[in-house]
Amino acid sequence: MNSQASTFKMLIDGALVDGDQTMAVINPCTGRPFASSPRASLRQMEQAIEAASRSFPAWSRRTMMARRALILKIADLIEEHCQELARLLTQEQGKPLRDAQTEVHGTVAFFRYVAQCRIETQILEESTTRRAYLQRQALGVVAVITPWNFPLMLLAFKVPHALLAGNTVVIKPAASTPLSTLRLGELIAKTLPAGVVNIVTDQNDLGDVLSSHPQVAKISFTGSTTTGYQVMANAAKSLKRLTLELGGNDPGVVLDDADPRQIAPGIVRAAFFNNGQACIALKRLYVPDSLYEDLSEALWSECQRLILGDGLDPKTTQGPLQNEQQFQKVKALLEDAQQHGRVLSGGPVPQGGGYFLPPALVLDIEDGTRLVDEEQFGPVLPIIRYSDLAQAITRANNSPYGLGASVWSSNLERARDVAEQLQAGTVWINQHIDLGPHIPQCGSKQSGFGIELGMEGLLEFTQAKVININPGLGSERQDPAQESRNAE
């Protein structure tokens with residue numbers, strides 16, 4: 001499908017509607033508009049929240065089996081439209097088409113995994129004097145706010161979980177990548193009852209309305225730490241439930257027994273995956289003196305294999321940065337790094353505009369510089385020397401962020417010991433950015449709080465409720481756990 005000729009619409013109360021305004025969507029490969037998106041007014045955001053609130057009672061009363069069947073149907077429709085969604089994702093986000101296809105397939109897999117999960121009643125006590133059990137109930141309207149780096153995959157971290165638990169949803173995608181989410185809305189409109197899922201696009205001007213609205217019970221937000229502060233402040237006004245997956249400055253610590261040639265490909269993948277535009281990308285690397293030169297050479301050799309270009313070109317391995325603001329930020333960090341370290345960068349940059357930066361390594365740079373201390377969110381990796389492992393661990397932990405980290409070693413016992421000392425929600429060993437729908441992901445420090453993925457992530461969309469019974473004053477036909485199973 002030619003997205004330039006397509007008409008994109010929002011989903012409000014089961015209807016595909018135009019925005020009261022429109023906004024241009026930029027192709028980051030050219031830096032020029034390639035499509036127009038609807039832009040909601042305050043009135044339309046209010047309509048979406050009201051629709052979700054109105055549809056909640058009926059949706060939450062459906063059996064989990066019924067909700068599961070509809071989530072699986074959505075997964076089937078996404079898979080059926082994989083090529084169209086992937087192409088659209090490449091055009092609005094910039095990532096290579098093969099990576100966009102991987103994201104769409106991952107979205108399908110995450111929806112399907114969540115659909116097979118079970119939320120069961122837990123028996124706390126069953127005696128002659130007390131019968132107590134814990135149920136999980138839906139919260140109500142969930143606001144899902146997603147970023148521009150993985151528009152569909154990060155939606156899949158949230159929406160199927162909210163739906164399976166019995167919640168209704170209002171989705172607000174990033175202003176610079178709304179189109180793939182809107183196209184998904186067309187598929188959802190054919191599947192779910194009116195109002196269960198609503199999709200509203202804005203120009204970064206309605207987030208406060210959504211996150212502070214009294215009818216919203218929970219916010220699931222992925223984005224910058226700065227915006228996370230504002231979301232949290234808005235949620236505090238009515239003590240909304242909150243899951244925040246925020247920025248990261250993930251360190252990698254290489255041990256002196258590692259093989260540079262063996263680990264270099266994995267480190268480059270971890271640092272330059274999605275052009276470094278991932279909260280859990282590897283963003284600073286601590287390397288012992290004994291391996292520093294050899295590993296730097298091996299990493300640079302791997303970087304030279306990367307090919308910048310239009311994501312629709314099958315030869316491309318690295319697309320552009322997603323937007324001009326991020327492009328200018330990374331350029332400024334790189335220019336500052338040139339004053340403090342030795343930059344290895346190069347390779348042909350596509351002509352004709354676009355937000356292209358070639359992958360770069362910065363050697364002989366220290367903690368305390370902007371590139372090391374800030375989250376670059378781009379294709380630049382600082383490589384920092386260390387002579388004492390204990391000091392390297394301390395330096396790796398000396399950050400307000402704590403999303404992910406990794407350890408690279410040929411000795412798994414030593415690596416585990418270091419991993420246990422690193423302050424992060426996830427620590428990988430000899431890999432980075434390894435995710436699965438069954439593996440919980442969480443942040444620490446200013447990288448956020450709450451859990452996504454796994455059973456723990458699913459339960460974040462529920463309210464725990466204890467029923468405590470005096471069995472001596474009545475009779476009960478069926479035990480609560482069996483009732484829960486029958487509800488399936």
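A search of the whole structure finds 28 salt bridges, where a salt bridge is a side-chain nitrogen of Lys or Arg within 4 Å of a carboxyl oxygen of Asp or Glu. Please keep in mind that this is a predicted model, in which local features need pLDDT of at least 70 and side-chain atom pairs count only at pLDDT 80 or more, while totals for chains, interfaces and linings use all residues. Residues are numbered from 1 along each chain as its sequence is written, and side-chain values use heavy atoms, with hydrogens and water left out.

Let us begin with aspartate 18 and lysine 9, a salt-bridged pair whose closest N and O atoms are 2.6 Å apart. Aspartate 18 has 45% relative accessibility and counts as partly exposed, and lysine 9, at 26%, counts as partly exposed too. Here buried means under 20% relative accessible area, exposed over 50%, and partly exposed in between (1.4 Å probe, protein chains only). Glutamate 374 and arginine 370 make another salt bridge, with 3.0 Å between the closest N and O atoms. Glutamate 374 is partly exposed at 29% relative accessibility, and arginine 370 is partly exposed with a relative accessible area of 35%. Elsewhere, salt bridges that share partners join Asp289, Glu293, Arg342, Asp364 and Arg385 into one network.

Now follow arginine 183, which forms a salt bridge with glutamate 84, the closest N and O atoms being 3.1 Å apart. This pair links distant parts of the chain: arginine 183 lies in helix α7 (residues 179–189) and glutamate 84 in helix α3 (residues 82–93), 99 residues apart. Helices (H or I, at least four residues) and strands (E, at least two) are DSSP runs, numbered from the N terminus. Arginine 183 counts as buried at 8% relative accessibility, whereas glutamate 84, at 21%, counts as partly exposed.

Both helices are worth a look. α7 is mostly covered, with nine of its 11 residues buried, among them Leu182, Leu184 and Ile188. In α3, nine of the 12 residues are buried, so the helix is largely enclosed by the rest of the structure. Its buried residues, including Leu85, Leu88 and Leu89, pack against β3 (21–27), β4 (32–39), α2 (64–80), α4 (97–115) and α7, contact meaning heavy atoms within 4.5 Å. After α3 comes glycine 94, whose phi is positive, near 105 degrees.

Finally, turn to the open space. On a 1 Å grid over the protein atoms alone, a pocket is an open set of points where a 1.4 Å probe fits, with protein on both sides within 12 Å along at least five of seven lines; lining residues have an atom within 4 Å of a point. The largest pocket holds about 1300 Å³ of space, a volume being the space filled by probe spheres set on the points. Of its 48 lining residues, Trp148, Asn204, Ser224, Thr227 and Gln325 lie nearest the centre. α9 (225–236) is among the elements that give two or more residues to this lining, and α9 gives the most, with seven.

The second largest pocket has a volume of about 950 Å³. It is lined by 45 residues, and Thr102, Phe150, Phe273, Asn274 and Ile433 are the closest to its centre. The elements that give two or more residues to this lining are α4, α5 (153–156) and α10 (260–272).
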